[in-house]
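Good morning, everyone. Please have the sequence and the model open while I talk.

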Amino acid sequence: MNGALTYLLWTRLKNGVLRFFRKPSRLILAVVFLALIGFTVFAGNADTPEFPDYRDLRELCAIAFVFYTFVFLTISYNGFSKGATLFAMPDVNFLFAGPFSRQSVLFYGLIQQLGSSLLVGVFLLFQYTMLHTTYGIGYSGLIWLLAGYSLSVFCGQLTAMVIYTKTALSARRRRTARIVFFAVLAVAAAAVFSVLAANRDALLGTAVALASGVLKFFPVSGWLSAAVGGMLSGSAAPILSGLAAAAVYVALLVLWIARSDDDYYEDVYGITEQNFRTREAAKSGRQAAPSKMRRGSATLDRGRGASVLFYKHCLENRRANPLVLEPSSYIFIAASVGFAFLMRTEGGIVAGFAFAVYMRIFGAMLGRLQRELVLPYIYLIPEPPFRKLFWALAEALPKFALNAVLMYVPVALICGLSPAETAACALAGFAFDCLFLASYVLIERLFSSMTSKVLSMLVFFAAILVLGIPGAAVAFLLCGSGLILISVPFTAFLSLAAANLAVAAVTVFACRNMLAYAELNLQ
């Protein structure tokens, strides 16, 4: 790589470290982050029994394979539509126009993106307690799981970039690449399904055997999960073979881009500019114009007064996403159901429900209200502020209900709950979603000028802990005092649902004045 680009990488790294130490707020965040990691390590080691009975490590490798596969394929598939880029707008404006070879700029983007990919999966560091108590892995094993995830993201982005640059200008190439992509998936899925169908009495064992057997040859995710499995078990052969296969894959793609006659600058520029506009629109509370717009009904034909906000948001959601729920929600649903299946005998409904709620924290969001707050129209509706706030948030309630049915009902049934307990479990999950939404409303009301995403997440977690105390206290008191209605799980879930819904309603009502004064949000 060019010496000037090497100097640029080093200077960016050095300046990033200097900026970190010059801002006390970032130091505080680092201390809080390390404290949270320390707490997870302490909590994970505190409950270790004298004679632990850990589950098979191959199960964890199978879970990692499924996770890596979904991440890699999802990111790679972007190459058929919007593509992916390894660069930012400053790179496009200065490096693309500079006296550098295409190969040097490409390697600069690869190294830069590899560092960014390592930071994407930092949330995995907080899974130590569950992984240590269940599978007995240490923090070094968790670091290897994080490295495998980061490399899956990196390989997916590189694959998407190659697919886009090689097929964007040719419909025939794009059609051929799409056929090959889905053909490989279809063959692999058919093989897995046939083996599982033939061994229906031992699905878990068969799936683990497949993941540690023939599926370790599946591109990227199979190689990386095999390497991670070798790291966890101390076997050198899968480590060397998995990492070597991934390195050869990356080298071949890089060589293909560098030696081809196609000029990837033009394609990458369009993707980078689109991503930049999307991020800038998100910072200002706006939504970037999509490349494709689903039409259907063209105008609003329902709603009166503040309720028109609900129908407007529903119409916008239908046009933007025909799946109703966000794609990440389906990932969380699958992860929660899979975890409940694995823990149905050890942890039961307590572990399954807690994990599902934990997954939902990462899917919580304020929704389209955040975009309404930076526009003047919602303040001009001649309705009471609370009514406007309620209808602006109401778009999330159907999503919460659908998510409760798809996530908590299977979890409850897998853990052997009765129909009444299953309904109470789904209602409690719905109530937790409402509580998370109310937490975001509280943060928007009190900390609307906060610009740090990391600080916002920490405040969000603190708000969840504070607002969740009443529900946990009510459930503990009722079950501890013997006031049982039908059963202990039914009583606990029902009390959690009632308390969390009440706390969420009170929180939203207390924040109603955020729509009475536009100056609170139009900054």
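This is a predicted model: local features need pLDDT of at least 70, side-chain atom pairs count only at pLDDT 80 or more; totals for chains, interfaces and linings use all residues.

I'll start with the whole protein and then go through a few places in it.

The chain has 523 residues, and buried residues make up 41% of them. The accessible surface comes to about 27,400 Å². Carbon and sulfur atoms account for 69% of that surface.

Now contacts along the chain. Take the contacts between residues at least 6 apart in sequence. Of these, 77% join residues at least 24 apart.

Let's zoom in on one residue. Find threonine 159, in helix α7, which runs over residues 139-167. Is threonine 159 buried or exposed? Its relative accessible area is 9%. The cut-off for buried is under 20%. Threonine 159 therefore counts as buried.

What does the side chain of threonine 159 meet there? It makes a polar contact with the side chain of tyrosine 249, at 2.6 Å. There is also a backbone atom to look at. The backbone oxygen of cysteine 155 sits 2.7 Å from a polar atom of the threonine 159 side chain. Leave out residues up to four places away in sequence, and threonine 159 touches Phe72, Ser76, Tyr249 and Leu253.

Next, helix α11, residues 236-259. Alanine 245 is found in this helix. Its relative accessibility is 24%, so alanine 245 counts as partly exposed. Now look for leucine 224, which is 21 residues from alanine 245 along the chain. The C-alpha atoms of these two are separated by 8.8 Å.

On to salt bridges. How many are counted? The count comes to two. One joins the side chains of arginine 360 and aspartate 433, with N to O at 3.0 Å. This pair links distant parts of the chain. Arginine 360 is in helix α15, residues 348-361, and aspartate 433 is in helix α20, residues 419-446. They are 73 residues apart. Both arginine 360 and aspartate 433 are buried.

The other pair is glutamate 383 with arginine 387. Here the closest N and O atoms are 2.9 Å apart. Arginine 387 has 43% relative accessibility, so it counts as partly exposed.

Back to α15 for a quick check.

Is α15 mostly covered or mostly open? It is mostly covered, with eleven of its 14 residues buried. Among them are Gly348, Phe353, Phe355, Met359 and Arg360.

Last stop: the surface. Leu323, Val324, Tyr330, Leu402, Val405 and Leu406 form a nonpolar patch there. Together they have about 470 Å² of accessible area. Which helix gives the largest share of the patch? That is helix α19, residues 396-414, with three residues. Leucine 323 comes from elsewhere: it is found in the loop between α13 (308-320) and α14 (327-342). With a relative accessibility of 47%, leucine 323 counts as partly exposed.

Note on methods. Residues are numbered from 1 along each chain as its sequence is written. Side-chain values use heavy atoms; hydrogens and water are left out. Helices (H or I, at least four residues) and strands (E, at least two) are DSSP runs, numbered from the N terminus. Buried means under 20% relative accessible area, exposed over 50%, partly exposed in between (1.4 Å probe, protein chains only). A polar contact is a pair of N or O atoms within 3.5 Å; within protein, one must be able to donate a hydrogen and the other to accept it, and residues adjacent in sequence count only if both atoms are side-chain atoms. Contact means heavy atoms within 4.5 Å. Patches are made of residues with over 30% relative accessible area and no salt bridge: like charges are joined within 9 Å, nonpolar side chains (Val, Leu, Ile, Met, Phe, Trp, Tyr) within 5 Å. Accessible areas come from the Shrake-Rupley method with a 1.4 Å probe; for residues, only the protein chains shown count as cover. A salt bridge is a side-chain nitrogen of Lys or Arg within 4 Å of a carboxyl oxygen of Asp or Glu.
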